[in-house]
Amino acid sequence: MKLEKHKLEKLNQSILKEHQRKFDFLATDIKDVESVIKKLIDFQIAIPSWALGTGGTRFGRFAGGGEPRSLEEKIEDIGLLHALNKSSGAISLHIPWDIPENTSSIKTLAAKHDLKFDAMNSNTFQDQPDQKLSYKFGSMQHVSKDVRKQAIKHNIEVIKYGIELGSKALTVWLSDGSCFPGQLNFRRAFQNTLESLQEVYAALPDDWKMFVEYKAYEPNFYSTTVGDWGQSLLYASKLGAKAYTLVDLGHHLPNANIEQIVSLLLMEGKLGGFHFNDSKYGDDDLTVGSIKPYQLFLIFNELIEGMDAKGMNHANDLAWMIDASHNVKDPLEDLLQSVEAIMITYVQALLVDRKKLTDVQNNNDVVTAQEILQHAFRTDVRALVAESRLRSGGALNPLSVYRTEKLRENLIKQRGSKNIAIGL
Ligand code: LRH
Ligand code: MN
């Protein structure tokens with residue numbers, strides 16, 4: 001399904017005057033607004049290939065229709081998102097859910113939609129139909145060397161697919177852990193996992209990164225072998241310079257101070273990237289910024305502070321990825337909202353007066369410090385994000401174009417209403 005350019009331009013034209021008024025008003029107060037817009041245009045977020053269908057829970061899944069039936073259709077859906085917001089220029093694949101049967105045609109199709117391949121994701125948290133040994137009691141931590149070897153072999157295969165597609169990173173999320181006290185020897189589980197990761201690390205091309213994703217619990221409910229940022233940092237430090245931690249916002253225990261974790265991982269040069277989503281309780285995988293928008297702002301505030309302190313390039317030096325699941329929303333509308341929330345929050349964090357903040361921090365002027373942060377957070381920057389889309393050939397209002405052009409209805413006509421996309 002291709003979005004016709006003239007239709008998008010006509011819809012932009014219909015709200016251009018209103019947009020111009022809002023943008024002009026906002027831009028007067030923003031120092032060097034052109035460099036802010038440039039940063040926005042360069043900032044691309046990877047869309048997970050496993051989140052283009054309706055998600056569900058063990059209690060049920062209510063498919064919404066028009067879901068992608070193949071990797072090709074998943075790439076087309078992300079192409080649609082990118083045509084609308086010009087900020088979704090990459091896809092993150094999950095293997096074996098998205099094995100590229102014909103790598104060169106997949107590369108050509110992605111290039112046609114101006115999409116790059118971000119981190120590849122391995123999967124040793126499910127048993128595949130043709131799999132010899134089960135991961136019921138873990139994969140890289142497993143007491144059986146053969147099960148560990150099977151998991152290592154799978155991760156090396158995932159790297160091979162990634163090399164063919166032009167990806168430059170492997171994300172390893174291990175569901176490994178235990179459900180009851182006494183079930184697992186934590187030290188041996190750590191050692192087995194480290195040795196297994198070291199074999200995968202040894203197979204990484206020189207210009208690749210490995211992201212070690214941590215998670216507090218689920219599917220194991222007593223211990224998780226890569227359970228928090230400290231454990232992930234331990235693995236990444238012992239593995240080597242190409243290994244980093246990956247922060248999935250939903251993988252923390254309640255009330256964790258994620259912005260402080262991000263600040264320290266960045267300081268250590270061991271922050272690899274993010275899986276953005278939002279949550280109220282557990283790993284709810286909800287729309288980014290839908291539950292705790294101020295926390296997301298505080299995280300981006302630490303990211304800008306830490307990345308600028310290291311002279312890092314905002315767009316390229318960290319992996320920006322979404323990891324969400326859509327139980328009640330149209331997957332593409334949900335992803336449009338998530339990308340919008342990330343872009344808005346990134347700009348607000350760019351607007352923080354860092355010199356003034358440092359001065360008041362040095363004077364322990366706590367009240368003014370909060371005023372400086374909340375002034376940026378309370379600035380409505382939507383016209384700035386819209387302007388960056390307009391200049392990149394995107395939609396001023398992607399969600400309204402998606403609905404006005406009846407894109408979901410057209411997808412249902414094309415693909416049917418019953419099919420369920422492979423993924424979570
Ligand atoms: C685990 C996780 C991981 C993915 C999976 C789809 O909860 O966040 O990043 O492999 O979701
Ligand atoms: Mn994740």
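A charge sits over a ring if NZ of Lys or CZ of Arg is within 6 Å of the ring centre and within 35 degrees of the ring normal. K270 lies in this way over the face of Y244, at 5.4 Å from the ring centre. K280 lies over the face of Y281, at 5.8 Å from the ring centre. The model is predicted: local features need pLDDT of at least 70, side-chain atom pairs count only at pLDDT 80 or more, and totals for chains, interfaces and linings use all residues. Residues are numbered from 1 along each chain as its sequence is written, chains are lettered from A and ligands numbered from 1 in the order in which they are written, and side-chain values use heavy atoms, with hydrogens and water left out.

The manganese ion (ligand 2) has four residues as its protein donors: E213 (OE), D248 (OD), H275 (ND1) and D323 (OD). They lie 2.1 to 2.2 Å from the ion. Donors are N, O and S atoms within 2.8 Å of the metal (3.2 Å for Na, K and Ca); water is not among the atoms, so sites may look incomplete. The site is octahedral, with angles of 72 to 168 degrees among six donor atoms. Six donors count as octahedral if opposite donors are over 155 degrees apart and all others between 65 and 115. The spacing of the donor residues in sequence is E-x34-D-x26-H-x47-D. H275 lies in strand β12 (residues 271-276), and D323 in the loop between β13 (319-322) and α10 (331-350), so this pair ties together parts that are 48 residues apart in sequence. Helices (H or I, at least four residues) and strands (E, at least two) are DSSP runs, numbered from the N terminus. H275 is buried, at 1% relative accessibility. D323 is also buried, at 9%. Buried means under 20% relative accessible area, exposed over 50%, and partly exposed in between (1.4 Å probe, protein chains only).

Ligand 1 is surrounded by 12 residues. The closest are H94, E213, K215, D283 and D323. A residue is near a molecule if one of its heavy atoms lies within 4 Å of it. E213 and D323 are also donors of the manganese ion. An N or O atom in the side chain of D323 is 2.7 Å from a ligand oxygen. The corresponding distance is 3.0 Å for D283 and 3.1 Å for H251.

Aromatic pairs number 17 in the whole structure. Rings of Phe, Tyr and Trp (its six-membered ring) pair if their centres lie within 6.5 Å; planes under 30 degrees apart count as stacked, over 60 as edge-to-face and the rest as tilted. F125 and W173 form a tilted pair, because their ring centres are 4.9 Å apart and their planes are at 55 degrees. F125 lies in the loop between β6 (120-121) and α5 (145-165), and W173 in strand β7 (residues 169-173), so the pair ties together parts that are 48 residues apart in sequence. F125 is partly exposed, at 23%, whereas W173 is buried, at 14%. F274 and F276 are stacked, because their ring centres are 5.0 Å apart and their planes are at 5 degrees. F274 is buried, with a relative accessible area of 0%. F276 is buried, again at 0%. One aromatic cluster is formed by F43, F274, F276, F300, W320 and Y346.

Technical notes
Four donors count as tetrahedral if all angles lie between 85 and 135 degrees; four count as square planar and six as octahedral if opposite donors are over 155 degrees apart and all others between 65 and 115; anything else is irregular. A polar contact is a pair of N or O atoms within 3.5 Å; within protein, one must be able to donate a hydrogen and the other to accept it, and residues adjacent in sequence count only if both atoms are side-chain atoms.
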